[in-house]
Each structure stands twice: as C-alpha cells, then as structure tokens.
Amino acid sequence: MLKYEDLQQGQELQPLVKPPVTKVQLVKYAGASGDFNPLHTDDEFAQSIGMPGVIAHGMLIMGFLGEYVNSLAGTSAELANLRMRFGSITQPGDKITCSAVVQELYEKDGKQFANLELKAQKSAQQVVGSGQAILQFF
C-alpha cells in the first residue's frame, strides 16, 4: 500500500507478476465480458486469419493493470483515472508483469494525487499495454 508522503517523482514501484495466461482464463474472460470473438477462444479460427493461435482480450490486460493499481492504492488511495493503450498481442503462456513509475505528485483543492505511468510487459522488449493512472489519496 502506497503512502503519499513516501513517494517521489521518478520512483519505480514494486511490480506485479501475473501467472502465465491460460486458454481457460481466456474462455472465462469471454464469458465475463460477453466478448465471444473466436479469435480469443478458438485456435483453428485464429490461425485461419493469420494469427499464431488464440490471443488474449486487450481488456484483460487492462484488467491486470487495474488490479495492479488498486493493489498499490490499498486503503490509502483510490483510483481517480485509468487510461491504457494496447501494444503487442498476449498469448496463452505469456507471463505479464505490470509496473509503474511515479510521474507527478501534486495537490489540488486540498487533496493529494499521484500520476503513475503504467506498463504491462511480456518481456523487456514487448509491451502489451501502457497507460496512466491517477491515484487520489485519503
């Protein structure tokens, strides 16, 4: 859990390493999200359109980043804003690491905020999602 007074601009925060993505996870996410595009659940279909196999829903990766930011916030802050851009594809077996760097600390109307730069990566060279989160501290 983060404390505003302990944060510094440029600080790298403790990452979250997710277990490898599984096909079962993709099917469950399809059910939860209502996105039953066979690109995410049917290897044969995915290969017929030129993909190496099924790929994860981009929103699943956004969910990983949301989980990460909320775990950082704990009970000392709340998520005020979350934005993300999709990057490389995520496939079953990929282990996603979510990370954040403090970009800015500021106060507005007597409240304290931290602007975080976010990344979800499957390797140092392959970013599957990037974005920004703003935490408002209590």
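**Note on a predicted protein chain**

1. D109 has a relative accessibility of 71% and therefore counts as exposed. D109 sits in the loop that runs between strand 3 (97-108) and strand 4 (111-123). Its phi is near 55 degrees, which is a positive value in a residue other than glycine.

2. On the chain as a whole: what does the secondary structure come to? The protein chain has three helices and five strands. Read from the N terminus on, the order of the elements is β-α-α-α-β-β-β-β. Along the principal axes, the C-alpha atoms fill a box of roughly 55 × 30 × 20 Å.

3. On burial and surface: the protein chain has 138 residues, and 36% of them count as buried. Its accessible surface comes to about 7,700 Å². Carbon and sulfur atoms account for 49% of that surface. Among contacts between residues at least 6 apart in sequence, 65% join residues at least 24 apart.

4. On charge: how many positive and how many negative side chains does the protein chain have? There are 11 positive and 14 negative side chains. The centres of these two sets lie 2 Å apart.

5. On aromatic pairs: the structure holds two of them. In one, the ring centres of Y4 and F137 are 5.4 Å apart and the planes stand at 65 degrees, so this pair is edge-to-face. Which parts of the chain does the pair link? Y4 belongs to the segment before strand 1 (16-17), while F137 belongs to strand 5 (residues 126-137), so that distant parts of the chain, 133 residues apart, are linked. Y4 and F137 are both buried.

6. The other pair is formed by Y106 and F113, whose ring centres are 5.2 Å apart with planes at 15 degrees, so the pair is stacked. The two residues fall into separate accessibility classes: Y106, at 24% relative accessibility, counts as partly exposed, whereas F113, at 11%, counts as buried. The cut-off behind this is that buried means under 20% relative accessible area.

7. On H57: is this residue buried or exposed? H57 is buried, with a relative accessible area of 2%. Its place is in the loop between helix 2 (43-48) and helix 3 (58-73). A polar atom of the H57 side chain lies 3.2 Å from the backbone oxygen of D35.

8. With 16% relative accessibility, D94 counts as buried. What joins D94 to K122? The side chains of D94 and K122 are joined by a polar contact of 3.4 Å. Not counting residues up to four places away in sequence, D94 touches P19, P20, V21 and I89 as well as K122.

9. On Q14: the residue lies in the segment before strand 1, and at 63% relative accessibility it counts as exposed. Which residues does Q14 touch, not counting those up to four places away in sequence? They are Y68 and L72. The C-alpha atoms of Q14 and M84 are separated by 19 Å, and these two residues are 70 residues apart along the chain.

10. On A120: the residue lies in strand 4 and is buried, with a relative accessible area of 0%. Its C-alpha atom is separated by 5.5 Å from that of T97, a residue 23 residues apart from A120 along the chain. T97 is also one of the residues that A120 touches, not counting residues up to four places away in sequence. The rest of that list consists of I61, L65, I96, C98, Q126, V127, V128 and G129.

Technical notes. Residues are numbered from 1 along each chain as its sequence is written. This is a predicted model: local features need pLDDT of at least 70, side-chain atom pairs count only at pLDDT 80 or more; totals for chains, interfaces and linings use all residues. Side-chain values use heavy atoms; hydrogens and water are left out. Rings of Phe, Tyr and Trp (its six-membered ring) pair if their centres lie within 6.5 Å; planes under 30 degrees apart count as stacked, over 60 as edge-to-face and the rest as tilted. Helices (H or I, at least four residues) and strands (E, at least two) are DSSP runs, numbered from the N terminus. Buried means under 20% relative accessible area, exposed over 50%, partly exposed in between (1.4 Å probe, protein chains only). A polar contact is a pair of N or O atoms within 3.5 Å; within protein, one must be able to donate a hydrogen and the other to accept it, and residues adjacent in sequence count only if both atoms are side-chain atoms. Contact means heavy atoms within 4.5 Å. Accessible areas come from the Shrake-Rupley method with a 1.4 Å probe; for residues, only the protein chains shown count as cover. Lys and Arg count as positive and Asp and Glu as negative; His and the chain ends are not counted. The place of a charge is taken as NZ of Lys, CZ of Arg, CG of Asp or CD of Glu.
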